[in-house]
Each structure stands twice: as structure tokens, then as C-alpha cells.
Amino acid sequence: MILSRTVQRTALTAVIVSASALTVPASAQAAELPPACQTALLETLDKFPVVDFTVPEKVQNVVLVEVLNLSDADQGAFTEAACTAWNDWATTNGKAVAGDLDTRYRNAAGPVCNKFARSALATIKKYAPNVPSATRELEKVAKKVWGTSMQKLETQATNADCRQAYNAVKVGW
């Protein structure tokens, strides 16, 4: 149950913070993170109270693997200042972002993979320009994780609609 919540938190954080930036060192490495980054990891899901938006399990797994395999250089983007800026922004904007995710998810056609991919990317594109500039290094890491994850998901997908959905969003924002 805790692992499932951690994976869900990881995946949602990945989507919201431009696809994964704040989830980088998962629980095994969380002690190495600055305090604000630990807070981001543990509390981001609560700051984005989605109702309908769903991250498919396959997406959760692929993103988690990508996040756990980040290089030391990528992990260096997780600074106290960046994570504090993220936490403040997420607290202020989380409900609006969650509402946008839910609306887009409900209105998207097709299977869950398409609903997730299209609604996630549209919401990221809408809100990414408003995330504080102090988080830009995190965003670079997120874009890298997003692109790699969507490429892997496209390759692994057995459903043509899912392949098409992941292909359509892999370039990111």
C-alpha cells in the first residue's frame, strides 16, 4: 500500500512538475535530498488533489525506473532553493492544476493511456511557464525523464492507440 502510494506520488509529481523532476531520488535515496525536496516528494500528491485523473500503472513503473536511474548530475538539480520554490508554487496552484487535469482527463477520448498522456501534457504546457524560474533545472530533468519514459512506453505498448498517444506526447512541452 505504501509502495503503491509512493509510486502514485512519484508519477503524479512527474506529471505535474513537468513530468518527474521532484521525484528523482525515491525513498531509498530521499535522505540525501535537501529538506525541501524531501517535503516535495512526500507532500506533492496532497497538493494536487485530483479526482478523476489517473496515471496508468505501466506509466508509474516506467517513470519510477527512469527517476531511480538519474545520474548524479541530474540529481544535482534538486536544491533547497528549487524545491522550496516548487513547494510554494504547488501549494498556491495545486487545486487549479488538479481541476485542469481532471477536466482534461474526463474530456479526453480513447483508452486510459490516451486520456493520461493528452491531459497530462496539455496541463503541463499550460502551467509550466508559470512555475518559478528557480525550478528550471528541475524542469530540464523532468523533460528528460518524460521523453525517455514516453519513448519506452511507446515501444512497449501493445495497443495501437497507446503507441500513438505516447508518440504524440514524447516530445514534451
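## Asparagine 87 and its surroundings

Apart from neighbours within four places in sequence, asparagine 87 is in contact with Ala36, Thr39, Ala40 and Lys47, where contact means heavy atoms within 4.5 Å. Asparagine 87 belongs to helix H5 of this predicted model; helices (H or I, at least four residues) and strands (E, at least two) are DSSP runs, numbered from the N terminus. The relative accessible area of asparagine 87 is 8%, and the residue is therefore buried. Buried means under 20% relative accessible area, exposed over 50%, and partly exposed in between, with a 1.4 Å probe and protein chains only. Between the C-alpha atoms of asparagine 87 and leucine 41, which are 46 residues apart along the chain, the separation is 9.7 Å.

Threonine 39, one of the residues in contact with asparagine 87, is located in helix H2. With a relative accessible area of 29%, threonine 39 is partly exposed. When residues up to four places away in sequence are not counted, threonine 39 touches Thr44 and Asn87.

## Basis of the model

Residues are numbered from 1 along each chain as its sequence is written. This is a predicted model, in which local features need pLDDT of at least 70 and side-chain atom pairs count only at pLDDT 80 or more, while totals for chains, interfaces and linings use all residues; side-chain values use heavy atoms, with hydrogens and water left out.

## Disulfides

Two disulfides are counted, a disulfide being a pair of cysteine sulfur atoms within 2.5 Å. One joins cysteine 37 to cysteine 83, with an S to S distance of 1.9 Å. This link of cysteine 37 and cysteine 83 is right-handed, with 90 degrees about the S-S bond. Because cysteine 37 lies in helix H2 (residues 35-47) and cysteine 83 in helix H5 (residues 80-107), the pair ties together parts that are 46 residues apart in sequence. Cysteine 37 and cysteine 83 are both buried.

The other disulfide is formed by cysteine 113 and cysteine 162, whose sulfur atoms are 1.9 Å apart. Cysteine 113 in helix H6 (residues 112-127) and cysteine 162 in helix H8 (residues 160-169) are 49 residues apart, and the pair links distant parts of the chain. The torsion about the S-S bond of cysteine 113 and cysteine 162 is about -90 degrees, so this disulfide is left-handed. Cysteine 113 and cysteine 162 are also buried. With bonded cysteines counted along the chain, the disulfides follow the pattern 1-2, 3-4.

## Overall organisation

The protein chain has eight helices and zero strands, giving the pattern α-α-α-α-α-α-α-α along the sequence. Of its 173 residues, 53% count as buried. Among contacts between residues at least 6 apart in sequence, 80% join residues at least 24 apart. The chain exposes about 7,900 Å², of which carbon and sulfur atoms supply 54%; accessible areas come from the Shrake-Rupley method with a 1.4 Å probe, and for residues only the protein chains shown count as cover.

## Nonpolar core

The largest nonpolar core has 42 residues, of which Val59, Phe116, Trp146, Met150 and Tyr166 touch the most other members. Such a core is a set of buried Ala, Val, Leu, Ile, Met, Phe, Trp, Tyr and Cys residues joined through side-chain atoms within 4.5 Å. At least two residues of this core come from each of H2, helix H3 (57-68), H5, H6, helix H7 (136-156) and H8. H5 gives the most, with eight residues.

Helix H6 has 16 residues and reaches 22 Å from its first C-alpha to its last, close to the 22 Å expected at 1.5 Å a residue; the expected span is 1.5 Å times one less than the number of residues. Buried residues in H6 include Cys113, Phe116, Leu121, Ile124 and Tyr127.

Seven aromatic pairs are counted. Rings of Phe, Tyr and Trp (its six-membered ring) pair if their centres lie within 6.5 Å; planes under 30 degrees apart count as stacked, over 60 as edge-to-face and the rest as tilted. Phenylalanine 116 and tryptophan 146 form a tilted pair, 6.2 Å centre to centre with 40 degrees between the planes. Since phenylalanine 116 lies in helix H6 and tryptophan 146 in helix H7, the pair ties together parts that are 30 residues apart in sequence. Phenylalanine 116 and tryptophan 146 are both buried. One aromatic cluster is formed by Phe53, Tyr105, Phe116, Trp146 and Trp173.
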